[in-house]
Amino acid sequence: NCTENRQANRVFRVITSGSLTSLTAWEAVGGFKDELFIDCVDTEFCLNLLKNDYEVWQLSHIRLDHRLGNNTSDICIAGKHLCYATHHHASRYYYMARNNLYVSALYRNIFPQYAKVLRKELRNLIAKIILFEKGKQSKLSLIWQGIRDYRHHITGPLTDKTPTIA
């Protein structure tokens, strides 16, 4: 469509899926943090690029069919979109909590406003689970485990050997 808006915008983060990354920039900032395993890997990478004077751009006319979770549901109240309930497996919420706090702490002095956004996203995630998701107990339990593991500097994949702190 010739009238389509083909605007590029500077942003704080983009998802890794569908991204084009300069290998030179990737190497200069040390690549992705493997210790995060999943969730916030792309956020940390983008903030690391910005910290090192690179730019992150998003093309508004490019669309990618990217699923947020299992059977994502659109939560509407009075016909207005409120949020999405993603219905991820409980272990995914562990990584969301732990890594969100990790990245927030890592960049709070460099990007303080964005660190607040990350912490707010975690609070919203907990609220969405309480209000809209099934399996609340297991999901919230793993979120608390993620918070504890963040506080004890435990990273990497969640395994049966990951210490559980009572």
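Mentor: This is a predicted model, in which local features need pLDDT of at least 70, side-chain atom pairs count only at pLDDT 80 or more, and totals for chains, interfaces and linings use all residues. Residues are numbered from 1 along each chain as its sequence is written, and side-chain values use heavy atoms, with hydrogens and water left out.

Trainee: Why does Phe-32 count as partly exposed?

Mentor: Buried means under 20% relative accessible area, exposed over 50%, and partly exposed in between (1.4 Å probe, protein chains only). Phe-32 has 29% relative accessibility, so Phe-32 counts as partly exposed.

Trainee: What makes Phe-45 buried?

Mentor: Phe-45 has a relative accessible area of 5%, and therefore Phe-45 is buried.

Trainee: Why is the aromatic pair of Phe-32 and Phe-45 called tilted?

Mentor: Rings of Phe, Tyr and Trp (its six-membered ring) pair if their centres lie within 6.5 Å, and planes under 30 degrees apart count as stacked, over 60 as edge-to-face and the rest as tilted. For Phe-32 and Phe-45 the values are 4.6 Å centre to centre and 50° between the planes, so the pair is tilted.

Trainee: What makes the pair of Phe-12 and Phe-111 edge-to-face?

Mentor: Their rings are 5.6 Å centre to centre with 90° between the planes, and therefore this pair is edge-to-face.

Trainee: How do you know whether Phe-12 and Phe-111 count as buried or partly exposed?

Mentor: Phe-12, at 39% relative accessibility, counts as partly exposed, whereas Phe-111, at 15%, counts as buried.
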